[in-house]
Amino acid sequence: MNRLSTGIRKLDDMLEGGIPSGFFVALTGEPGTGKSITCQHFAWSGVLEEDKVIYVTTEESKESVLSQASQFGMDLRGAVEEGKAIVIDALLGGDKWSLSSLDPEDMVEKVLEAKRELGYGRGRLIIDSLSAFWLDKPAMARKYSYYIKKVFHKWDLTIMVTSQYAITTSEAFGFGVEHVADGIIRFRRSVRGGVLRRYLMVEKMRQTNHDLRMYLIKIVPNKGIELEGPVSFTREDLALPYGVTERIIRSKIKKERETP
Ligand SMILES: Nc1ncnc2c1ncn2[C@@H]1O[C@H](COP(=O)(O)OP(=O)(O)O)[C@@H](O)[C@H]1O
Ligand SMILES: [Mg+2]
């Protein structure tokens with residue numbers, strides 16, 4: 001099977017070499033857990049493997065993506081200048097590759113235009129984040145995810161998208177991506193001994209005998225993400241402080257009572 005490197009060596013090992021070509025993979029998890037940096041690794045690895053790279057960014061500007069990548073030694077800026085990669089900016093924009101709305105159909109149009117511009121051949125599409133396209137209508141998550149997967153299917157693109165989870169409840173803003181995705185990589189965070197830790201686990205990867213264990217994420221200056229482990233993970237790592245959980249449950253019950 002033809003697999004694409006994620007750009008993170010140990011993650012490739014967890015996936016029998018990488019992501020199967022043509023797959024639609026979702027990175028899910030809370031903010032600050034390393035999803036965007038993982039997207040940049042996947043994009044940069046595409047540049048190195050001479051894939052056509054298209055990167056849609058909705059929560060950070062193009063400038064922010066390019067400078068973050070350069071902090072980790074990935075010259076995405078150079079790749080854009082050399083016409084090997086295109087960044088579609090849905091936040092600030094300013095050039096022909098900006099998006100003026102968060103309409104999924106406009107985004108698809110722009111991506112296909114970018115693919116034509118980059119030329120024939122294997123490509124990688126990164127959408128960070130996909131959940132931005134349904135923030136105001138979470139019920140559309142599944143429908144949009146399916147539409148996006150289907151539309152790009154015949155374009156020789158392997159797709160990595162991110163989906164944000166709320167910090168308080170660890171609930172997704174609209175379920176849907178998870179059902180449609182060929183693969184799910186789950187990012188988590190916890191505070192242990194007063195220190196923030198981030199973890200990653202492959203929860204699903206079709207056609208792959210993937211690693212089932214949890215790994216610690218290290219974000220290393222000039223290098224980016226490195227994984228350590230596997231690690232063991234206790235219930236206390238995941239749990240919110242008691243008072244917080246209680247408040248969330250109470251407000252949920254209240255909301256349900258108020259809903260006719
Ligand atoms: N240059 C850097 N060196 C070390 N860690 C960094 C650097 N830049 C960012 N980080 C860490 O990465 C985190 C952001 O990761 P990111 O992939 O953007 O998260 P997510 O997309 O999941 O919200 C920051 O909160 C910070 O902890
Ligand atoms: Mg992000």
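F24 is found in strand β3. Strands here are DSSP runs of E with at least two residues, helices are runs of H or I with at least four, and both are numbered from the N terminus. This is a predicted model: local features need pLDDT of at least 70, side-chain atom pairs count only at pLDDT 80 or more, and totals for chains, interfaces and linings use all residues. Residues are numbered from 1 along each chain as its sequence is written, while chains are lettered from A and ligands numbered from 1 in the order in which they are written.

Stay with F24. Is F24 buried or exposed? F24 counts as buried, because 26 C-beta neighbours lie inside 10 Å. The cut-offs are these: a residue is buried if 20 or more other C-beta atoms lie within 10 Å of its own, exposed if 12 or fewer, and partly exposed in between, with C-beta atoms placed from the backbone. F24 touches K149, I159, V180, A181 and D182, not counting residues up to four places away in sequence. Here, contact means that the C-beta atoms of two residues, placed from the backbone, lie within 7 Å. F24 and S145 are 121 residues apart in sequence. In space, their C-alpha atoms are 9.7 Å apart.

Now take the whole strand. In β3, 6 of the 6 residues are buried, so the strand is largely enclosed by the rest of the structure. F24, A26 and T28 point one way from β3. V25, L27 and G29 point the other way.

What does β3 pair with? Strands of a sheet pair through backbone hydrogen bonds, either parallel or antiparallel. Two strands count as paired if DSSP finds at least two bridges between them. β3 is joined to β7 by 6 bridges, and the two run parallel. One of the bridge partners is M160 in β7, which pairs with V25. β3 also pairs with β8 in the parallel sense, over 5 bridges. There, V25 stands opposite G183, and A26 has I184 as its bridge partner.

Step across to β7, which covers residues 157-164 and includes Q164. Q164 counts as buried because it has 20 C-beta neighbours inside 10 Å. Q164 and L27 are 137 residues apart in sequence, yet 8.5 Å apart in space, C-alpha to C-alpha.

G183 stands opposite M205 in β9. β8 and β9 form a hairpin with 2 residues between them. In the turn, G193 has a positive phi of about 60°.

Next, the sheet as a whole. It is open, and 9 strands form it in the order β5-β4-β6-β7-β3-β8-β9-β10-β11, with mixed pairing. Which strands stand at the edges? They are β5 (85-89) and β11 (224-231). Each has a single partner strand, so one side of each is left without a neighbour in the sheet. The twist averages 20° from one strand to the next. T57 has D89 in β5 as its bridge partner.

Helix α2 packs on this sheet. The strands touched by α2 include β3, β4, β5 and β6 (123-128). The direction of α2 makes about 165° with that of β6. Axes are lines fitted to C-alpha atoms, for helices over the stretch in contact, and angles run from 0 to 180 degrees between N-to-C directions.

Then there is the nonpolar core. A nonpolar core is a set of buried Ala, Val, Leu, Ile, Met, Phe, Trp, Tyr and Cys residues joined through C-beta atoms within 7 Å. The largest one has 64 residues, and A43, Y55 and I88 have the most contacts inside it. Helix α2 (residues 35-48) gives the largest share of this core, 6 residues. Leaving aside neighbours within four places in sequence, A43 is in contact with V53, Y55, L76, A85, R124 and I126.

For contrast, look at K110 in helix α5 (residues 104-118). K110 counts as partly exposed because it has 19 C-beta neighbours inside 10 Å. Beyond four places in sequence, K110 touches I88 and L99.
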